[in-house]
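Hi,

Here is the structure I promised to pass on to you. Have a look at it first, and then read on for what turned up.

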Amino acid sequence: MNIDIWHGDITTLDVDAIVNAANESLLGGGGVDGAIHSAAGPGLLAECARLPELRPGVRCPPGEVRATAGHALPARHVFHAVGPVWHGGQRDEAALLANCYWQSLRLAEQMRLESIAFPAISCGVYGYPMHQAAAIAVTETVTWQKSHARPVRIVLVAYNTATFKAYQQALAVAAQAH
Ligand code: AR6
């Protein structure tokens, strides 16, 4: 299915695009967002700040994605996706998280990219339960690969062992279902 699980730091990957788990301001933060901004250098923050605000402090609402260059990163582009904050599952969190993956893949297709790497969006500070998020990441990426003729290499990046195992399990479930 051309979906890989990789254990490590997403900022080191030489791919066409890495996805950032950003917040609505797109002005940086902790976690993978902080790691991406420090590895990319100040040009990334400057480019993010130039993106239009939809309303004060909001450059990208949850479920949507904005693209910038990769600056000092090995990756050519950064796709800033804003995942949902987990509130227990009754506030459309699953659909918003699925949109982060789907919109990123659409953007990759529009930009004719060949490889894209995702962190576990929303699974850190935003508190999304890892196994549920892994099922969504795998469902969206597998569905994308099956419904699009043009191949894209998708890497699901696990920063820790628990995330790696959750992706392995979700991919095994998806393989059984097909
Ligand atoms: N490479 C890959 N994955 C990483 C890395 C890395 N270098 N560093 C952390 N992770 P989080 P969120 C994993 O909290 O939950 C920021 O402040 C981490 O283990 O980065 O979407 C933003 O500005 C976890 O599995 O993102 C927002 O305010 C996953 O990345 C907020 O956090 C996501 O954890 C977004 O929260």
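Let's start with F118, which counts as buried at 0% relative accessibility. Keep in mind while you look around that this is a predicted model.

F118 has an aromatic partner, so here is how to think about such pairs. Two aromatic rings are described by how far apart their centres are and by the angle between their planes. The count for this model comes to 3 aromatic pairs. In one of them, Y101 and F118 sit 4.8 Å apart centre to centre, with 35° between the planes, which makes the pair tilted. Y101 is buried as well, at a relative accessible area of 1%. Why does this pair tie together separate parts of the chain? Y101 belongs to helix α3 (residues 93-110) and F118 to strand β5 (residues 115-118), so the pair joins parts that are 17 residues apart in sequence.

Now look at W102 and W144. Their ring centres are 4.9 Å apart and their planes meet at 75°; an angle over 60 degrees counts as edge-to-face, so that is what this pair is. W102 is in helix α3 and W144 in helix α4 (residues 130-147), so this pair links distant parts of the chain, 42 residues apart. Are these two buried or partly exposed? W102 is partly exposed, at 23% relative accessibility, while W144 is buried, at 3%.

Helix α4 also packs against another helix. Two packed helices are described by the angle and the distance between their axes. The axes of α4 and helix α5 (residues 161-177) come within 9 Å and cross at roughly 50°, and α4 and α5 are therefore oblique to each other. The crossing of α4 past α5 is right-handed. On the α4 side, the contact includes M130, H131, A134 and V138, and on the α5 side residues including T163, Y167, Q169 and L171. What kinds of residues make up this contact? They divide into 11 nonpolar, 3 polar and no charged.

One last stop is Q103, also placed in helix α3. Q103 is partly exposed, with a relative accessible area of 26%. Setting aside neighbours within four places in sequence, Q103 touches G63 and V65. H178 is 75 residues from Q103 along the chain, and the C-alpha atoms of these two are separated by 24 Å.

Technical notes:
Residues are numbered from 1 along each chain as its sequence is written. This is a predicted model: local features need pLDDT of at least 70, side-chain atom pairs count only at pLDDT 80 or more; totals for chains, interfaces and linings use all residues. Side-chain values use heavy atoms; hydrogens and water are left out. Rings of Phe, Tyr and Trp (its six-membered ring) pair if their centres lie within 6.5 Å; planes under 30 degrees apart count as stacked, over 60 as edge-to-face and the rest as tilted. Helices (H or I, at least four residues) and strands (E, at least two) are DSSP runs, numbered from the N terminus. Buried means under 20% relative accessible area, exposed over 50%, partly exposed in between (1.4 Å probe, protein chains only). Axes are lines fitted to C-alpha atoms, for helices over the stretch in contact, and angles run from 0 to 180 degrees between N-to-C directions. Angles under 35 degrees count as roughly parallel, over 145 as roughly antiparallel, 65 to 115 as roughly perpendicular and the rest as oblique. A crossing is left-handed if the near helix is turned anticlockwise from the far one by less than a right angle, and right-handed if clockwise. Contact means heavy atoms within 4.5 Å. Ala, Val, Leu, Ile, Met, Phe, Trp, Tyr, Cys and Pro count as nonpolar, Asp, Glu, Lys and Arg as charged, and the others, Gly among them, as polar.
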